[in-house]
Amino acid sequence: MSSLSNEQIDMQLEDLAGWQRDGDSIIKTYHFSDFIEAMTFMTQAAFYAEALEHHPEWKNIYNIVEVRLTTSDTGGITSHDIRLAKRMEYILQQKRF
């Protein structure tokens, strides 16, 4: 798997509201109404990440989840990072937590 070009990354980020590029990563901070919502979101995202075999760098403080996606094997942003970001947005839109 190879890293995406700058143009490919920029194009993908147009469809990912709130996601930003930070060096060789894409990042977003999610805000939930409480800790349970934040943890439920993380759990649902974790199942997809595990199936994708691509795990996020993230942290949770009460109702806030900070996410950083990068592919260390390539030293950049790959389609796996974009797929995981899109799944996180899907989870958020479905509000199944």
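1. A salt bridge here is a side-chain nitrogen of Lys or Arg within 4 Å of a carboxyl oxygen of Asp or Glu. Lys59 and Glu66 make one, with their closest N and O atoms 3.8 Å apart.

2. Before going on, a word on the model: it's predicted, so local features need pLDDT of at least 70 and side-chain atom pairs pLDDT 80 or more, while totals for chains, interfaces and linings use all residues. Residues are numbered from 1 along each chain as its sequence is written, and side-chain values use heavy atoms, leaving out hydrogens and water.

3. The whole structure has three salt bridges. Asp22 pairs with Arg68, the closest N and O atoms being 2.7 Å apart. That pair links distant parts of the chain, with Asp22 in strand S1 (residues 20–22) and Arg68 in strand S4, 46 residues apart. Helices (H or I, at least four residues) and strands (E, at least two) are DSSP runs, numbered from the N terminus.

4. Take a look at Lys28 and Glu89, whose side chains meet in a salt bridge at 2.8 Å, N to O. Lys28 sits in strand S2 and Glu89 in helix H3, so the pair ties together parts 61 residues apart in sequence. Both Lys28 and Glu89 are buried. Buried means under 20% relative accessible area, exposed over 50%, and partly exposed in between (1.4 Å probe, protein chains only).

5. Asp22 is partly exposed at 35% relative accessible area, as is Arg68 at 28%. Lys59 is partly exposed too, at 43%, and Glu66 also counts as partly exposed, at 34%.
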